[in-house]
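Hi there,

Here is the structure I promised to pass on. Have a look, and my notes follow below.

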Amino acid sequence: MMIARRLWHKRALVNGGPWLCTYTSSAPSPAAVHSSHHSPFRVSSSDLVAFSTAASTWFCLADQVSIRRIACNVNGRWFSSEAVADVAAAVNGNGIVDVPLAQTGEGIAECELLKWFVQEGDQVDEFQPLCEVQSDKATIEITSRYQGKVSQLLYIPGDIVKVGEILLKMAVKESHVPKQIFENLEITKSLDSELNTHNIGGVLSTPPVRSLAKQYDIDINEVSGTGKDGRVLREDVRKYAAQKGIVEVPSASLSASPEKALGRKETCAHTSAESGWNYEDTTVTLRGFQRRMVTSMSMAAKVPHFHYVEDIKCDALVELKNSFQSNNTDSNVKHTFLPLLIKTLSVAMSKYPLMNSSFNEESLEVILKGSHNIGIAMATPYGLVVPIIKNVQSLSILEITKELSRLQQLALENKLKPEEISGGTITLSNIGAIGGKYGSPLLNLPEVAIIAIGRIQKVPRFADDGGVYPVSVMTVNIGADHRVLDGATVARFCNEWKQYIENPELLMLRMR
């Protein structure tokens, strides 16, 4: 109620604009916000009003013609406005509940539907997984809030779904609706019905559906809606487009094809005059982690970079790794060079904490991070992702090895959680695992340093007496934010890191 009180005291009385009113009645219904007995106060579109009852908390955001979203928290379970309103319809005999895509994280406006776990006609239990979606931050499973039967799937894998859009419809019995919601939704239904009469162009539909119709150059008023109260749905537009020969009828499937996962949309054939062969152009829509990379790399390109390249001898590191593997008794553990590089990096950063920091451009402040949260750039079938190994300064090499293996497996399965790809303080890009001597990486902002590691290779070296001998050498390229780090600091840090890689026994002196 704190937000409501602040708005009540701060907002001036204005008639005709977006409005806000308090709800003090003991009747547990959010529909009281529509009552004319309360004074309308002007609020911005970002303001939120809280209505509390003994059983639940209601949040309402309103403007002149419609309530955009309502969320209800009953005993720790969250329901969106669309689902709540349709539960009321189910209670009154309709029996069909719309299940929308809920807010999956801060700043997330849309997600890609990866796959369905259910099909039309399936019986679903409460909290059973329905589908898997991917935002530009993580992959999330959407679970059912009800027990019932899947009536209709409104999207196919590969589709982009806006937050708040209906994913599927479920047939729900009154006995399966949570009691507290049942008691609080009588007036909500009538309120929702009244708000649904406000539409643009004479047809009930959401902005994304109208946008789809516009893409197909279809007059949405000519499309027959099969949704509630004649609402035009995405499949209605697609069906109409197929009938008019604008597009082919899509075939439904439980999961996206490899082409769909890559976002392939359309092709254009070209014929070679000499050979007669057809060559096709393919349009690819970037999604998920690929979209995030566009944003992050565009931002990083605006930052002045300084790159420092060094060759590091790895003979001792190779010998130590081989010793670990030969004495390994756990079949689930595979020792590689990377955990050793991660640990030595952490030890070196303890002496040069500026390398483990972030930069706030607005306040011109550098935040020295207490924890060494080292991100590892990984190439996956779903795009570039950087999972984070947290608190490396407190982990042993074996613990780092196990955590790295766990994160790699999750990345390959596209199962990383938001907290596993956020909070990094410095990034390692092991480009050498694929190939190449070295790379010139771009920063993973707001971090101030990133390191690209080349492959370890045997090269000849000259001894003082003129003799030639083989040496295992790795080339590293440190990319630094030149607004924060100067060349001398980066060079001294690299020398510190280099001595631990070339003489890993020195780690024993820093172990706690």
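Let me begin with a helix pair: helix 10 and helix 12 cross in the right-handed sense (the near helix is turned clockwise from the far one by less than a right angle; left-handed would be anticlockwise). Helices here are DSSP runs of H or I with at least four residues, strands are runs of E with at least two, and both are numbered from the N terminus.

Before going further: this is a predicted model, with local features needing pLDDT of at least 70 and side-chain atom pairs counting only at pLDDT 80 or more, while totals for chains, interfaces and linings use all residues. Residues are numbered from 1 along each chain as its sequence is written, and side-chain values use heavy atoms, with hydrogens and water left out.

The axes of helix 10 (residues 337-351) and helix 12 (residues 487-502) come within 9 Å, crossing at roughly 140 degrees. Axes are lines fitted to C-alpha atoms, for helices over the stretch in contact, and angles run from 0 to 180 degrees between N-to-C directions.

Strand 8 (residues 129-134) pairs with strand 9 over five bridges, and Cys 131 stands opposite Ile 142 in strand 9.

Best wishes

Note on methods
Pairing = 2+ DSSP bridges.
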